[in-house]
Amino acid sequence: MNKDNMEEIYQNLTGVNISDQYKLWDERGKGYYGEYLLFNALYPEIQGCCKILMNLQVPTCNSKTTEIDLLLVHESGLYVFEAKHYKGTIYGTDDQARWTQYFRTTQNSYFQNPVRQNQYHIKALEDRFPGIPIYSIIVFTNPECDLRIKCQNANITICKLRDLHGLISSLCSKKNVMDIDKIDAVFKELSPFSPMLDKAVTINEHVIPFYEYIHDIINEYNNQKKFLESTYCNKQKELKKEKNKLIIGASIVCIICIILCVSISYTCIGKCKASADKQIALAQKEVNDFAQKFERVEAFNKGDLSFSDNLVTVSDVLIEPSKEIENTILVQFALKHTGKDYGIRLNSESSIILILNDGSIMECKIYNEKYPYSHDVYIGNGSTCTILPHEFYDISINNINYVKLSNVDVWTYVSWKQEIVLAGYEVEVFAAD
């Protein structure tokens with residue numbers, strides 16, 4: 001079954017040309033594409049007696065309608081799918097009103113909890129089909145999405161598109177509650193609320209109900225899949241035999257090579273040892289140089305510079321948990337110039353560095369997408385500067401051992417112009433001890 005077949009079937013179900021919608025860069029176009037990805041992953045995999053309906057506008061008890069992205073009428077029950085084509089890291093729980101869409105480089109956004117959204121759909125179906133099990137499934141279809149969702153309800157599934165295969169296997173193992181006649185009855189009752197282009201398909205001048213047409217395609221796909229799996233297994237057996245032959249031959253060659261290598265290696269040990277010692281020394285120097293960057297840097301003098309540790313003071317230090325994102329710490333503080341002849345400059349390389357209790361390092365640039373860099377900030381002559389809250393993720397306050405402001409430049413006036421005289425100055429912000 002090629003891509004064009006899938007797009008044609010999807011268009012018959014929804015009335016949407018997905019190729020045209022994919023060219024659009026608005027929310028509705030992306031929404032259709034996410035629903036298509038869900039359909040494309042579900043349609044070939046589903047087993048057992050079933051029907052699929054999409055974009056259903058189901059009437060509710062208050063004389064309104066609610067739209068269901070995809071409804072699977074399966075012999076084990078009704079499965080209500082809600083597709084979300086979102087990027088970023090998604091935080092939330094099944095009972096929160098809103099979920100958070102977090103990006104490392106841009107401002108967070110919020111959207112309605114899709115679990116609650118799906119409950120409206122399920123309520124409309126429960127009123128119409130009492131006694132039939134109904135399951136809520138939220139699928140995030142964008143591969144650039146990471147889920148941090150907590151859900152306690154066993155009848156609700158929240159997953160990424162790549163996890164749908166395992167979900168379908170579990171679905172097909174549930175107890176059957178509907179036969180084919182009941183499935184057809186549910187399908188026919190809901191069909192008027194579907195935007196399907198054709199309620200029937202004409203093949204060789206014979207009119208065939210659309211759902212029968214889909215069923216035949218699924219059977220054809222399953223038969224082809226079994227054939228390919230059988231061919232693959234036979235090929236694997238042949239490759240295994242060839243592999244065993246190659247292993248035996250290679251083993252003999254290896255034994256011969258080992259004997260030769262042992263006799264030669266004794267003459268090379270002296271040279272190798274000297275070379276290895278040199279490589280180890282170079283590697284150790286690189287490690288020491290790297291570690292030196294993250295040691296606590298106290299105030300220091302270099303050359304004829306005469307500034308001391310009171311060049312700048314830190315005040316209003318605030319390290320607290322974020323109220324919006326779990327396991328996220330906000331770091332904020334103010335800098336005040338107290339020196340006489342020298343000042344400091346914050347630039348595009350300046351950053352806040354956290355050293356944790358286990359020795360690991362976390363870094364966040366002062367200027368980023370949330371606080372965009374526009375120009376250098378010079379602090380001198382008694383001036384102050386407030387560093388706005390910067391976010392550090394997946395840590396708690398108790399894990400923080402040391403905080404410093406790194407990659408700060410020291411400047412002074414030379415011929416009535418500000419000139420940088422030292423790069424890499426560091427300011428202590430917080431120390432646990």
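# Exercises on side-chain contacts

Tyr393 is buried, its relative accessible area being 10%. This residue returns in the first exercise; the model under study is predicted.

**Exercise 1. Aromatic pairs**

Determine how many aromatic pairs there are, and classify the pairs Tyr79–Tyr135 and Tyr102–Tyr393.

*Solution.* 

Step 1. A pair of aromatic rings is described by the distance of the centres and the angle of the planes. Ring centres must lie within 6.5 Å to pair. The count under this rule is 10 aromatic pairs.

Step 2. For Tyr79 and Tyr135, the centres are 4.9 Å apart and the planes make an angle of 20°. Planes under 30 degrees apart count as stacked, and the pair Tyr79–Tyr135 is accordingly stacked.

Step 3. Tyr79 belongs to strand 3 (residues 77–84) and Tyr135 to strand 7 (residues 134–140), so this pair ties together parts 56 residues apart in sequence. Both Tyr79 and Tyr135 are buried.

Step 4. For Tyr102 and Tyr393, the centre distance is 4.5 Å and the planes stand at 50°, so the pair is tilted. Distant parts of the chain are linked here: Tyr102 is in strand 5 (residues 98–102) and Tyr393 in strand 18 (residues 384–393), 291 residues apart.

Step 5. Tyr102 has 7% relative accessibility and counts as buried. Tyr393, at 10%, is buried as well.

**Exercise 2. A ring cluster and a charge over a ring**

Which residues do ring pairs link into a cluster, and which residue lies over the face of Tyr135?

*Solution.* 

Step 1. The cluster linked by ring pairs consists of Tyr86, Trp99, Phe111 and Phe140.

Step 2. Lys174 lies over the face of Tyr135, 4.7 Å from the ring centre. Tyr135 is the residue that also forms the stacked pair with Tyr79.

**Exercise 3. Salt bridges**

How many salt bridges does the structure hold, and which parts of the chain does the pair Glu189–Arg128 tie together?

*Solution.* 

Step 1. The structure holds 11 salt bridges.

Step 2. In one of them, the side chains of Glu189 and Arg128 meet with an N to O distance of 3.2 Å. Glu189 is in helix 6 (residues 180–190) and Arg128 in helix 4 (residues 114–128), so the bridge ties together parts 61 residues apart in sequence. Glu189 is partly exposed at 35%, and Arg128 is partly exposed at 30%.

Step 3. Asp376 and Arg345 form a salt bridge whose closest N and O atoms are 2.8 Å apart. The pair links the loop between strand 16 (361–365) and strand 17, where Asp376 lies, to strand 14 (residues 343–346), which holds Arg345; the two residues are 31 residues apart. Asp376 counts as partly exposed at 22%, whereas Arg345 is buried at 16%.

Step 4. Lys365 and Glu349 form a salt bridge, with 3.1 Å between the closest N and O atoms. Lys365 is in strand 16 and Glu349 in the loop between strand 14 and strand 15 (351–356), so the pair ties together parts 16 residues apart in sequence. Lys365 is partly exposed at 31%, and Glu349 is partly exposed at 44%.

**Exercise 4. Cysteines and a surface patch**

How many disulfides does the structure hold, and which residues form a nonpolar patch on the surface?

*Solution.* 

Step 1. A disulfide requires cysteine sulfur atoms within 2.5 Å; the structure holds zero disulfides.

Step 2. Cys159 is buried, with a relative accessible area of 8%. Cys385 counts as buried at 14% relative accessibility.

Step 3. The nonpolar surface patch is formed by Ile248, Ile252, Ile256 and Leu260, which together have about 410 Å² of accessible area. Leu260 belongs to helix 7 (residues 210–292).

Methods:
Residues numbered from 1 in each chain as written. Predicted model: local features only at pLDDT ≥ 70, side-chain atom pairs only at ≥ 80, totals over all residues. Heavy atoms only, no water. Phe/Tyr/Trp six-rings, centres within 6.5 Å; stacked < 30°, edge-to-face > 60°. Helix = DSSP H or I, 4+ residues; strand = E, 2+ residues; numbered from the N terminus. Buried < 20%, exposed > 50% of the residue type's maximum accessible area, 1.4 Å probe, protein only. Lys NZ or Arg CZ within 6 Å of the ring centre and 35° of its normal. Patch = residues over 30% accessible without salt bridge, like charges linked within 9 Å, V, L, I, M, F, W, Y side chains within 5 Å. Areas by Shrake-Rupley, 256 points an atom, 1.4 Å probe, with all protein chains shown as cover. Salt bridge = Lys/Arg side-chain N within 4 Å of Asp/Glu carboxyl O.
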